[in-house]
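Hi everyone, thanks for making time this morning. I'd like to walk you through one protein model, so please have a look at it on the screen.

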Amino acid sequence: MSEVTTPQVRPTRPYFSSGPCAKPPAWDASKIATESLGRSHRAKIGKTRLQYCIDLMREMLQLPDTHRIGIVPGSDTGAFEMAMWTMLGARPVTTLAWESFGEGWVTDAAKQLKLDPTVVRADYGQLPDLGQVDWSNDVLFTWNGTTSGVRVPDGDWIPADREGLSFADSTSAVFAYDMPWDKIDVATFSWQKVLGGEGGHGVLILGPRAVERLENYTPAWPLPKVFRLVSKGALAEGVFKGETINTPSMLAVEDAIFALEWAKSLGGLDGLKARSDANAAALDKIVADREWLSHLAADPASRSKTSVCLSVAGADADFIKKFAALLEKEGAAYDIAGYRDAPPGLRIWCGATVDTADIEALGPWLDWAYASLSA
């Protein structure tokens, strides 16, 4: 290893984890508003800040008035399972899986809810044939597969006259792409991805067709309290006005507000997309210049611009573990080993909270780690 030249310039913020992700560049704990802490979330200040957070998310997402947005427990997983448990069963179900979280929804639908879903699969790095989808069914899918680096390219494959509902796990997609809200009946995400917020809370977005399903269909199974979105046959509207089902962390809410106000200062969604696009382009150049490095998602049209997954020539899981550990020890990159269920490789977050200069500075360090382990 002594024969391998160590790069002189380290990324200023070597935070490349795909969740929780890097905080916004301007983040500092002292900048987080604290007036709502220690107060009831049902007090005027708590309700006001929760509603303000919802309003900022609506503005940054360019979400139409037809869609409701609420803060719910359990991060993205809790939000998506809330949608599944409250709305599925009215129609046949199709689940799409090309990475681990999509497979999780398959398990929920098949083994927990026992719905006998139609499953459309593809291997890691690939997108399934979206033309196979029968839209008389409810359809569950991940918009951006965080653990495979594969995303749907757009919403054109979702018909406007669909009979079933579209359920989009959008946690690594929102704030990074233009989302076709007219094609999305249910969307979920958490603050810990593109916003660089804290985990623990999920966000549930419902279009009008999803609300209609909730108000006109009662599932056959019991619903725990934290999943209940209907009261006396009508949507619990308070959930979408900051009246959360259970007690939220106001510290996490204030942290999300900080990130959303930062996003607004960049020009909103366009500013966030521009940063993510620039990061992905910088990483693309690093990959293109190295024969030993390649994208797991071969097709650029379906390649993630946030959770970018890379293959390392000849690497097994042990090699990747050592590779990531070397860079962490040097303070050059944190948490870049691929997801445990994915093929051995690297995963580098390119969302908006990462600075492009840090992606560019990462390239020589990847060379250093590869050469050090290959020597």
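I'll talk about pockets first, then cavities, then aromatic rings and one arginine.

A word on ground rules. This is a predicted model, so to speak: local features need pLDDT of at least 70, side-chain atom pairs count only at pLDDT 80 or more, and totals for chains, interfaces and linings use all residues. Residues are numbered from 1 along each chain as its sequence is written, and side-chain values use heavy atoms, with hydrogens and water left out.

Let's start with the pockets. On a 1 Å grid over the protein atoms alone, a pocket is an open set of points with protein on both sides within 12 Å along at least five of seven lines, a cavity is a set where a 1.4 Å probe fits but cannot get out, and lining residues have an atom within 4 Å of a point. Grid points are joined across faces, edges and corners, and a volume is the space filled by probe spheres set on the points.

The largest pocket has a volume of about 200 Å³. Its lining has 14 residues, and Thr77, Phe101, Thr171, Gln192 and Lys193 lie nearest the centre. Helix 2, residues 75-87, gives the most to this lining, with three residues; helices (H or I, at least four residues) and strands (E, at least two) are DSSP runs, numbered from the N terminus. What classes of residue line the largest pocket? Two are nonpolar, nine polar and three charged. Here Ala, Val, Leu, Ile, Met, Phe, Trp, Tyr, Cys and Pro count as nonpolar, Asp, Glu, Lys and Arg as charged, and the others, Gly among them, as polar.

The second largest pocket, at about 170 Å³, takes three lining residues from helix 4 (residues 208-216), the largest share. By class, its lining has six nonpolar, three polar and two charged residues.

How many cavities of 30 Å³ or more does a search of the whole structure find? There are two. The largest holds about 70 Å³ of space, and among its 13 lining residues Leu296, Cys309, Ala342, Pro343 and Leu346 are the closest to its centre. Strand 13 (307-312) provides three residues, the largest share of that lining. The second largest cavity, with about 30 Å³, is lined by residues including Glu99, Phe101, Asp169 and Thr171.

On to the rings. Rings of Phe, Tyr and Trp (its six-membered ring) pair if their centres lie within 6.5 Å, and planes under 30 degrees apart count as stacked, over 60 as edge-to-face and the rest as tilted. The count is 13 aromatic pairs. Tyr15 and Tyr334 are edge-to-face, because their centres are 5.4 Å apart and their planes at 65°. This pair joins distant parts of the chain, 319 residues apart. Tyr15 is partly exposed at 43% relative accessibility, and Tyr334 is partly exposed at 26%; buried means under 20% relative accessible area, exposed over 50%, partly exposed in between (1.4 Å probe, protein chains only).

Lastly, is Arg162 buried or exposed? At 7% relative accessibility, Arg162 counts as buried. Its side chain makes a polar contact with the side chain of Asp185 at 3.0 Å. A polar contact is a pair of N or O atoms within 3.5 Å; within protein, one must be able to donate a hydrogen and the other to accept it, and residues adjacent in sequence count only if both atoms are side-chain atoms.
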